[in-house]
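Please have a look at the picture before I go on.

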Amino acid sequence: MSELTGNQPEGTPTWIDLRTPDRDGALAFYQELFGWEYEPYPTGEDRGTVCLLRGRPVAGIVPDPDRAAAVWTMYFATDDCDGTARRATERGGRLVEPPADLADHARTAVVTDSVGARFGLWEGRTRLGSEIVNEPDSLVRNDLITPDPEPARAFYTELFGFTLDGNSEVPELDFTFLRRPDGHEIGGIIGSSDVPTSAWGTLFAVADTDAVARRAARSGGLSTEPEDTPYARMATVTDPSGAVFSVGTAP
């Protein structure tokens with residue numbers, strides 16, 4: 001099911017936002033890439049823009065003029081934003097943005113984990129988070145890539161009660177599935193000595209990876225050459241302000 005009507009279970013990626021020094025440029029780029037429409041965030045201050053697919057929220061774009069490069073941030077669903085933020089810091093994380101209300105839509109926070117990867121927390125109220133997922137032009141997956149995977153695995157299993165599961169389909173990768181207590185897969189952790197820092201990646205589903213890669217380059221971004229993987233035909237895109245994300249078409 002791609003359209004959500006209730007809050008996601010604890011620990012499920014449920015919202016994403018782009019922090020960017022060039023909001024107007026980002027609005028133009030992502031509209032060209034995904035066909036998103038926009039509406040203002042529901043606050044009295046300039047908190048940014050809600051990205052809409054078929055009239056339903058799928059992401060946010062937030063101006064951050066002091067940022068050198070744009071970045072996508074993934075938010076985990078939580079039933080208790082304050083409590084989860086506190087537990088994250090007790091387990092070696094660091095609070096970047098303390099819990100705060102986003103009007104009546106949600107209570108949110110931003111944290112870095114024990115290996116320095118940034119993520120958010122989303123306690124949904126009148127807004128669930130991303131209300132369309134797992135279909136073209138919406139969020140489909142998040143994986144953590146880190147040069148130090150073992151402390152990361154310990155951090156998330158303790159924070160959300162995730163269980164770990166290996167993946168025999170890609171034996172060349174140091175890859176572990178993260179599963180909620182009900183067994184549902186919410187993403188994974190990839191250990192890689194090739195990355196200098198730890199970060200959660202964002203993967204958008206698209207109908208045609210090759211076409212999206214061409215549009216990204218035509219709109220001022222960059223894209224790798226699309227390639228086939230066991231799960232999707234994928235490309236890595238960098239937007240004009242430096243935010244890196246992936247796009248993929250399932251076979």
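Predicted model: local features only at pLDDT ≥ 70, side-chain atom pairs only at ≥ 80, totals over all residues.

Let me start at T146, which stands opposite G191 in strand β12; strands here are DSSP runs of E with at least two residues, helices are runs of H or I with at least four, and both are numbered from the N terminus. Residues are numbered from 1 along each chain as its sequence is written, and side-chain values use heavy atoms, with hydrogens and water left out.

Strand β9, residues 138-146, runs parallel to β12 and is joined to it by four bridges, where pairing requires that DSSP finds at least two bridges between two strands. Strand β11, residues 174-179, is antiparallel to β12, with six bridges, and T176 has I189 in β12 as its bridge partner. β11 and β12 form a hairpin with five residues between them, and in that turn G183 has a positive phi of about 95 degrees.

Turning to the helices, T84, R87 and A88 of α2 meet F155, L159 and F160 of α3, contact meaning heavy atoms within 4.5 Å. The residues of this contact divide into four nonpolar, one polar and one charged, with Ala, Val, Leu, Ile, Met, Phe, Trp, Tyr, Cys and Pro counted as nonpolar, Asp, Glu, Lys and Arg as charged, and the others, Gly among them, as polar.
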